[in-house]
Amino acid sequence: MSAHEKRVWCELGLWGFVLFFIWMRLTDGVTVLGQSFGLSIIDQDPVKLLWAYGSAGAIAAIGQLIIRSVLSPRNPSELESDERDIFIERRSDQVGYWAGVGGINLLIVHVLLTELFRFREDMPLDFVSPAGILLGLFTVLVAKEIARGVSILVLYRRS
Amino acid sequence: MSKATGRVRNRIRDLRLERGASQQELADEVGASRQTINAIEQEKYSPSLELAFRIARFFKRDFEDVFRFTKDQ
């Protein structure tokens, strides 16, 4: 496995943790690792939301810095990308882009259908609130990165 | 106009072994990674024209001695 693939595996782990963190802070339901986590979005005051958003962003940024410094290629020949690396990078960027577009559209459709068919007050995954908007958009952002990472790993195996 | 579909086959592995060169040596010579040379040998990845010509030049062969296009049946 190349240094690039190892780095992508670690980044996938990091994005999974960031996703778990933000869902843990903003949702309620079952208890996982001592933290509540589920489909009911808990509305919170803006300071707490800003804190959750900032913490998730800081975890992602610090995690990326650590991964890139620890797993940067030691072999000089691995430092430069060749045409296959660039091909895989471009193809995966496209996958990430379309995952983002799909995620945003899914969110829009979900919000509209929730409003259209609202039959009770405590709808699960009700994104029509500041906490819901933050959770929905952040999830799409992270899902886009996860789709991109998975695509890189698959393409390194297949092409 | 009908679209010809097929795949690019190559003899890189045979020629490399004939010459006694490793994948890393070939990779260093043509400016690609060892993983890329491995993917080309296994015909999982089709190189660009530029890289394909560099590989053919490494073996001192004509392009079509190294690469050939085969049409799907």
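**Reading the model**

Tutor: From the N terminus on, the elements of chain B run β-α-α-α-α-α-β; helices (H or I, at least four residues) and strands (E, at least two) are DSSP runs, numbered from the N terminus. This is a predicted model, in which local features need pLDDT of at least 70, side-chain atom pairs count only at pLDDT 80 or more, and totals for chains, interfaces and linings use all residues. Residues are numbered from 1 along each chain as its sequence is written, while chains are lettered from A and ligands numbered from 1 in the order in which they are written.

Student: How many helices and strands does chain B have?

Tutor: The elements of chain B can be read off in the order β-α-α-α-α-α-β. Counted by type, they are 5 helices and 2 strands.

Student: What percentage of the residues in chain B is buried?

Tutor: A residue is buried if 20 or more other C-beta atoms lie within 10 Å of its own, exposed if 12 or fewer, and partly exposed in between, with C-beta atoms placed from the backbone. The C-alpha atoms of chain B fill a box of roughly 40 × 20 × 20 Å along the principal axes. Of the 73 residues in chain B, the buried share is 25%.

Student: Is Glu43(B) buried, exposed or partly exposed?

Tutor: Glu43(B) is placed in the loop between helix H3 (34–41) and helix H4 (49–58) of chain B. Its phi is positive, about 60 degrees, although Glu43(B) is not a glycine. Because Glu43(B) has 13 C-beta neighbours inside 10 Å, it counts as partly exposed.

Student: Is Lys60(B) buried or exposed?

Tutor: Lys60(B) lies in the loop between H4 and helix H5 (63–66) of chain B. Lys60(B) is not a glycine, yet it has a positive phi of about 55 degrees. Because Lys60(B) has 9 C-beta neighbours inside 10 Å, it counts as exposed.

Student: How are H1(A) and H2(A) oriented, roughly parallel or roughly antiparallel?

Tutor: The axes of helix H1 (residues 3–26) and helix H2 (residues 46–70) of chain A come within 10 Å and cross at roughly 165 degrees; axes are lines fitted to C-alpha atoms, for helices over the stretch in contact, and angles run from 0 to 180 degrees between N-to-C directions. Angles under 35 degrees count as roughly parallel, over 145 as roughly antiparallel, 65 to 115 as roughly perpendicular and the rest as oblique. The crossing angle therefore makes H1(A) and H2(A) roughly antiparallel.

Student: Which residues of H2(A) meet H1(A)?

Tutor: Two residues are in contact if their C-beta atoms, placed from the backbone, lie within 7 Å. On the H1(A) side, the residues include Leu14(A), Val18(A) and Phe21(A). On the H2(A) side they are Ala52(A), Ala56(A), Ile59(A), Ala60(A), Gly63(A) and Ile67(A).

Student: Which residues of H2(A) are buried?

Tutor: H2(A) has 25 residues and reaches 36 Å from its first C-alpha to its last, close to the 36 Å expected at 1.5 Å a residue (the expected span is 1.5 Å times one less than the number of residues). Its buried residues pack against H1 and helix H5 (130–158) of chain A. They are Ala52(A), Ala56(A) and Ala60(A).

Student: Why does Ala60(A) count as buried, and which residues does it touch?

Tutor: Ala60(A) is found in helix H2 of chain A. It counts as buried because it has 20 C-beta neighbours inside 10 Å. Not counting residues up to four places away in sequence, Ala60(A) touches Leu14(A) and Val18(A).

Student: How are H4(A) and H5(A) oriented to each other, roughly parallel or roughly antiparallel?

Tutor: H4(A) and H5(A) pack at an angle of about 150 degrees, with their axes 8 Å apart. H4(A) and H5(A) are therefore roughly antiparallel.

Student: How far apart in space are His4(A) and Trp51(A)?

Tutor: His4(A) lies in helix H1 of chain A and is buried, with 20 other C-beta atoms within 10 Å. His4(A) and Trp51(A) are 47 residues apart in sequence. From C-alpha to C-alpha, the distance between His4(A) and Trp51(A) is 32 Å.
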